[in-house]
Amino acid sequence: DLFDNIPTDTIIPYCNILTMLRSILLFVLVAAGTAFSPLPKANARSSTALNMATEVKVGDKIPAVTLSEGQADYGRPEAVDIAELIAGKKVAIFAVPGAFTPGCSKSHLPSFITAQEELKAKGVELTICIATNDAFVMEAWGRTSGGADAGIRFLSDGNAELSKALGLLIESPVMVRTKRFSLIADDGVVTHYFPADKEASDTWAPNVLAKL
């Protein structure tokens, strides 16, 4: 037996040592398991925070958020308060997930370029395109697509503050993007809202014009 050769008066201290060693071993194993367990996913946590805002709806007021507008010849981008820009005006605002992306460049943006005269006939004084690309990219897209020449303002929501305030953020492996949408606002208040929940074409200019 394990204790046969151990004096009786030392058995109890010896057992205490064994108990202590078992406790230390258990502590080490638990600590190791915690250290090597998978960390919480940061994206999941940030995703919850990013999408806390309620999605914009008719009757909401466009918040005062500062966007950036790129300038010709790589000039310093200018700050634009979206609320100040659209105050007292009837405007069309459309957002795309990314400048120069296929669907946005082939369909969404061109639909508003060709509809400028019809929109003006409906009382729309200004059309604004928004994306989370930086101001330089937005300026280049507006210039090369013909959108800027058509009178459309290309504004960068680089920090996604407007997109977050409107409840229209989407996750992306590369960057935070804005959900595709279009809306009409009169003096800063949303009068028509067109999400892409069912079809992307619901956000294109022909559908917007049909509702005005």
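Modeller: A residue counts as buried when its relative accessible area is under 20%. The structure shown is a predicted model.

Biologist: With that cut-off, is F94 buried or exposed?

Modeller: The cut-off for a buried residue is a relative accessible area under 20%. The relative accessibility of F94 is 0%, so F94 counts as buried.

Biologist: What is the relative accessible area of F112?

Modeller: A buried residue has a value under 20%. F112 is buried, and its relative accessible area is 0%.

Biologist: Which kind of pair do W141 and F154 form?

Modeller: The ring centres of W141 and F154 are 5.9 Å apart, with the planes at 75 degrees. Planes over 60 degrees apart count as edge-to-face. The pair of W141 and F154 is therefore edge-to-face.

Biologist: Which residues are linked into a cluster by ring pairs?

Modeller: W141 in helix α6 and F154 in strand β5 are 13 residues apart, and their pair links distant parts of the chain. W141 is buried at 1% relative accessible area, and F154 counts as buried at 5% relative accessibility. The cluster linked by ring pairs consists of F100, W141 and F154.

Biologist: Which elements are included in what covers the buried residues of α6?

Modeller: Helix α6 spans residues 135-145, and its buried residues include A135, M138 and W141. Their cover includes β1 (66-69), α4 (102-114), β4 (126-131) and β5 (153-156).

Biologist: Which backbone oxygen does the side chain of S156 reach?

Modeller: S156 is placed in strand β5 and is buried, with a relative accessible area of 4%. Beyond its neighbours within four places in sequence, S156 is in contact with residues including D134, A135 and M138. At 2.6 Å, the side chain of S156 reaches the backbone oxygen of N133.

Biologist: Which backbone nitrogen does D134 approach at the start of α6?

Modeller: The atom of D134 concerned is a side-chain oxygen. At the start of α6, this oxygen comes to within 2.9 Å of the backbone nitrogen of F136.

Terms used
Residues numbered from 1 in each chain as written. Predicted model: local features only at pLDDT ≥ 70, side-chain atom pairs only at ≥ 80, totals over all residues. Heavy atoms only, no water. Buried < 20%, exposed > 50% of the residue type's maximum accessible area, 1.4 Å probe, protein only. Helix = DSSP H or I, 4+ residues; strand = E, 2+ residues; numbered from the N terminus. Contact = heavy atoms within 4.5 Å. Polar contact = N/O pair within 3.5 Å; in protein donor to acceptor, adjacent residues only side chain to side chain. Phe/Tyr/Trp six-rings, centres within 6.5 Å; stacked < 30°, edge-to-face > 60°.
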